[in-house]
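The following paragraphs walk through a structural model, beginning with a single residue and widening step by step to the chain as a whole. Please keep the sequence and the coordinates at hand while reading.

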Amino acid sequence: MKKKITFRQIVAVCGIILLVGMYGMSLVSACLARPEAADLFLASLSLTVLIPILLYVLLMFSRLSKGDGEQGKSMKYSELRKYNKRMKNGEDPETLAKEIEERYGGEETKAEEENEAEKEENPVKKEELEKEEK
């Protein structure tokens, strides 16, 4: 079974390649006593700090744009703004809340309702499901 390569892994490998390549160029130019060796060394020092910061920001924005939440299903910022506009335009907040719950929280509530129904039907299953929840 092949493991899926994630975006984070790709960004990390690119960062490693950039840093190692940069250090390699600095080392080779210093060994060859090139006049630009001092400039490459200073660039290496500054990019040693900047590259990880830029990669972190890139990963943060990709995580925010996906909308990864605790449950793996959350609202994107653009969708949140749409609901906010609709509320400001006078739509009923309760209707909007129900719509959001159906879209983003419906799967959990359905599973909870099924568990409750199984508990009521079968007392043995009730004990098993309670143990699983704990």
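Is Ser29 buried or exposed? Ser29 is buried, because its relative accessible area is 6%, where buried means under 20% relative accessible area, exposed means over 50%, and partly exposed lies in between, with a 1.4 Å probe and protein chains only. The model is a predicted one, in which local features need pLDDT of at least 70 and side-chain atom pairs count only at pLDDT 80 or more, while totals for chains, interfaces and linings use all residues. Residues are numbered from 1 along each chain as its sequence is written, and side-chain values use heavy atoms, with hydrogens and water left out.

Ser29 belongs to helix H1, helices (H or I, at least four residues) and strands (E, at least two) being DSSP runs numbered from the N terminus. When residues up to four places away in sequence are not counted, Ser29 touches Arg34, Ala37 and Leu40, contact meaning heavy atoms within 4.5 Å. Ser26 also lies in helix H1, and with a relative accessible area of 12% it is buried. The residues that Ser26 touches, again not counting those up to four places away in sequence, are Leu40, Phe41 and Ser44.

Helix H1 (residues 7-31) and H2 pack at an angle of about 175 degrees, and their axes are 9 Å apart; axes here are lines fitted to C-alpha atoms, for helices over the stretch in contact, and angles run from 0 to 180 degrees between N-to-C directions. H1 is therefore roughly antiparallel to H2, since angles over 145 degrees count as roughly antiparallel, those under 35 as roughly parallel, 65 to 115 as roughly perpendicular and the rest as oblique. The contact draws on residues of H1 including Phe7, Arg8, Val11, Ser26 and Ser29, and on residues of H2 including Ala37, Leu40, Phe41, Ser44 and Leu58.

Leu58 is located in helix H2 and counts as partly exposed, because its relative accessibility is 39%. Leaving aside neighbours within four places in sequence, Leu58 is in contact with Phe7 and Val11. The C-alpha atoms of Leu58 and Arg8 are separated by 9.5 Å, although the two residues are 50 apart along the chain. Arg8 itself is found in helix H1 and is exposed, with a relative accessible area of 57%; between the C-alpha atoms of Arg8 and Tyr56, 48 residues apart along the chain, the separation is 9.7 Å.

Phe41 sits in helix H2 (residues 37-66) and is partly exposed, its relative accessible area being 49%. Together with Leu42 and Leu45, Phe41 forms a nonpolar patch on the surface, with about 320 Å² of accessible area for the three together. Such patches are made of residues with over 30% relative accessible area and no salt bridge, like charges being joined within 9 Å and nonpolar side chains (Val, Leu, Ile, Met, Phe, Trp, Tyr) within 5 Å. A salt bridge is a side-chain nitrogen of Lys or Arg within 4 Å of a carboxyl oxygen of Asp or Glu, and accessible areas come from the Shrake-Rupley method with a 1.4 Å probe, only the protein chains shown counting as cover for residues.

Turning to the whole, the protein chain has 6 helices and 0 strands. Buried residues account for 15% of its 134 residues, and the chain exposes about 11,400 Å², of which carbon and sulfur atoms supply 61%. Among its contacts between residues at least 6 apart in sequence, 43% join residues at least 24 apart.
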